[in-house]
Amino acid sequence: MDPEPTTTVPTATDTVQLPPQIDLSYVTSEPTANGTHTPPESGDNYPVFCRIAAYLNTRCPTGNFTLTYLTEGGANTIWLIRFSPSSNLYLHDSKLILRVRKDIPTTIPMATLRTQFEEHIVPLFQFDPGLLLPVHLIEINDRIEQTLNAQLRDLETNGQRKEMRRGIYHAPFDTEPYAMLMPNLAYGDGKVIEFKPKWLMQSPSAPRDAQRCRTCALNAMRRETKQGSGRGDSGFCPLNLLAQNDQILIEALRHIWSDEKTLEAFMGKFKQRVQPALSHLQRLQFKDNGVGLEDFRTPETRDFSVAMALRDCSVVLKATTSQQINEIQIPLVKFIDLDLKDSRGGKVKKWANIEQDLITGGWYSSQNHLGVQCAISRTPSNPVS
Ligand SMILES: [Zn+2]
């Protein structure tokens with residue numbers, strides 16, 4: 001699998017360099033006279049920020065709001081929405097991000113994305129809908145789109161936009177009238193941690209004597225051949241995130257929780273709060289496990305869109321540490337990046353080629369650990385070494 005680099009929220013260790021804000025007061029209009037908003041169904045004249053206020057279930061702001069570039073992935077840019085400090089809005093502690101689609105042939109219109117999400121993903125998480133992010137479409141206008149494009153160009157000029165992202169801007173307003181409004185998980189207290197659980201099931205076409213799971217096999221191949229090195233490689237076997245053995249689990253968690261003093265406490269909460277969610281993801285992957293080499297060779301009869309989304313989503317969790325050392329709470333666990341995977345553009349062939357390379361290159365069967373103890377290689381008599 002070779003996903004587009006995903007858009008991520010900042011992690012605890014990231015320093016986000018925020019460029020200047022864009023003041024959007026001139027593309028929005030004043031709220032209604034009494035400061036409340038009466039949401040019409042839609043319409044170009046309806047102030048965008050009043051729609052945001054509606055989403056927040058709060059009064060329509062009397063001030064302005066700003067959009068600040070936060071990050072971007074292959075398909076979208078992410079903007080931090082902030083109301084100006086002079087606003088007398090009661091926003092409580094809510095903060096939002098705006099996800100805006102890029103103008104690339106393979107990106108899918110926001111309205112379609114949301115429909116796909118509601119029809120194919122939401123039903124899979126009915127046991128705990130809180131694991132998914134609430135998503136809200138918001139109509140933007142062409143001036144906002146143009147303003148954001150101008151901001152991307154400024155970022156390029158200032159060297160604040162990654163080279164690989166340059167030259168690509170947002171989809172024109174007449175083809176994409178919507179943006180996606182989502183909670184900003186990085187807002188507020190606590191450390192935000194993001195990781196990709198990847199394949200929590202072995203590949204159906206892995207050899208029977210495999211010593212590595214699909215993720216460890218791919219990471220090993222990429223590390224050794226220096227192809228796509230580091231991409232999606234968390235440095236641990238994802239199956240170990242489900243380990244009940246404390247020693248094994250703690251070795252994996254060390255890659256996502258850097259504070260050694262509180263690592264054990266974090267592990268305790270991880271077992272309680274995160275492992276049940278990961279177990280559910282594993283069950284979903286098990287039910288949608290037609291992702292072996294033979295499956296990829298007969299793509300016309302299959303739909304990989306959900307199966308591959310389940311294997312490329314991210315987990316975001318928020319951990320808070322109380323004053324009293326060793327007290328850790330994980331108040332938030334979410335799955336993100338659950339857009340259905342598009343099989344167009346030779347993706348299925350690519351998946352098939354990767355699987356073929358893993359098998360013929362012996363990447364599943366190799367007993368060389370390369371520093372990562374894959375769960376597949378453990379034997380009952382030697383569970384840890
Ligand atoms: Zn593994």
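Modeller: One term before we start: two residues are in contact if their C-beta atoms, placed from the backbone, lie within 7 Å. This is a predicted model, where local features need pLDDT of at least 70, side-chain atom pairs count only at pLDDT 80 or more, and totals for chains, interfaces and linings use all residues. Residues are numbered from 1 along each chain as its sequence is written.

Biologist: Among contacts between residues at least 6 apart in sequence, what share join residues at least 24 apart?

Modeller: Take the contacts in the protein between residues at least 6 apart in sequence. The share of them that join residues at least 24 apart is 70%.

Biologist: How do α4 and α9 lie to each other, roughly parallel or roughly perpendicular?

Modeller: Helices here are DSSP runs of H or I with at least four residues, strands are runs of E with at least two, and both are numbered from the N terminus. Axes are lines fitted to C-alpha atoms, for helices over the stretch in contact, and angles run from 0 to 180 degrees between N-to-C directions. Helix α4 (residues 214–225) packs against helix α9 (residues 347–360) at about 85°, with the axes 10 Å apart. Angles under 35 degrees count as roughly parallel, over 145 as roughly antiparallel, 65 to 115 as roughly perpendicular and the rest as oblique, so α4 and α9 are roughly perpendicular.

Biologist: Which residues of α4 and α9 make the contact?

Modeller: Each helix has its own part in it. From α9 come I354, D357 and L358, and from α4 come A217, L218 and M221.
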